[in-house]
Amino acid sequence: MPSRFTPMSELRQSRVRRPGYSRVMTTAQGRTSRSSTLVAVPAFLRRTDSPLGRIELLSDGLCVTSLSIECAGSLPWGDLPENTAPVLEVAVTQLGEYFEGKRTEFDVPVAVVGTDFQKQVWAELSLLPYGSVVSYGFLGGVTGRATAGRAVGGAVGANPVPIIVPCHRVLAANGRITGFSAGEGIATKAWLLDHEGIEHRS
């Protein structure tokens, strides 16, 4: 399995403010800036450029806990200075290799926060090989919710570490892109699919 999933403190969760995400954050003064729910300012943060725009990575010091792709020029923690960690430097290197076509899987450790069902879906996503694709229905079947398309789609969309945990490799049964919650949405997903040579319909 390319990514290692480990529990992460609820106070360190940071989700992108996109459809399917629960985006919460605090200012340095400890007051909520975008939600009534308090979470800690990220312990470690690193940004890097990519063909998709800037990418912002968060870490608890041991694992990558969040990956956000720039949307309309903004990042979730864009007002905070960088404070990197070794695991983030590894992630930046591996992402660079992926975008250059030199890497087809990630082995940087990942820690995620979510429901048991979400984590089950994300674990299945992490098994998808480069250049492959599955349907939402397939994910529903292997996670025991064959008829729960909306729940599966919500779990895929709530993935806090896109690209590294490859939620872009999920399409509708007819090969269509039905949405994407990172970066510029469908355009970002289409770029990733094209990069991996995956056929798809808009």
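**The aromatic rings and their surroundings**

Guide: Y98 and F99 are both buried, a term that stands for a relative accessible area under 20%, whereas exposed stands for over 50% and partly exposed for what lies in between (1.4 Å probe, protein chains only). The model is a predicted one, in which local features need pLDDT of at least 70 and side-chain atom pairs count only at pLDDT 80 or more, while totals for chains, interfaces and linings use all residues. Residues are numbered from 1 along each chain as its sequence is written, and side-chain values use heavy atoms, with hydrogens and water left out.

A pair of aromatic rings is described by the distance of the centres and the angle of the planes. Here the rings of Phe, Tyr and Trp (its six-membered ring) pair if their centres lie within 6.5 Å, and planes under 30 degrees apart count as stacked, over 60 as edge-to-face and the rest as tilted. Searching the whole structure in this way gives 4 aromatic pairs. In one of them, Y98 and F99 have ring centres 5.4 Å apart and planes at 70°, so this pair is edge-to-face. Y98 also pairs with F106, with the centres 5.6 Å apart and the planes at 45°, so that pair is tilted. Y98 counts as buried because its relative accessibility is 0%, and F106 counts as buried at 4%. Together with Y130 and W191, the residues Y98, F99 and F106 form one aromatic cluster.

Of its 202 residues, 51% count as buried. Among contacts, meaning heavy atoms within 4.5 Å, that have a separation of 6 or more, 64% are between residues 24 or more positions apart.

Strand β3 (residues 55-59) contains S59, which is buried because its relative accessible area is 3%. Beyond residues up to four places away in sequence, S59 touches A43, F44, V64, T65, V87 and L88. A polar atom of the S59 side chain lies 2.8 Å from the backbone nitrogen of G61, and a polar atom of that side chain lies 2.7 Å from the backbone oxygen of C63. C63 is itself buried, with a relative accessible area of 4%, whereas C71 is partly exposed at 23%. The count of disulfides comes to 0, a disulfide being a pair of cysteine sulfur atoms within 2.5 Å.

A72 belongs to the loop between β4 (64-69) and α1 (86-99) and is exposed, with a relative accessible area of 67%. Although A72 and G53 are 19 residues apart along the chain, their C-alpha atoms are separated by 9.5 Å. Helix α4 (residues 149-157), finally, has V152, A155, V156 and G157 as its buried residues, and their cover includes α2 (116-125), α3 (136-142) and β7 (170-171).

Notes:
Helices (H or I, at least four residues) and strands (E, at least two) are DSSP runs, numbered from the N terminus. A polar contact is a pair of N or O atoms within 3.5 Å; within protein, one must be able to donate a hydrogen and the other to accept it, and residues adjacent in sequence count only if both atoms are side-chain atoms.
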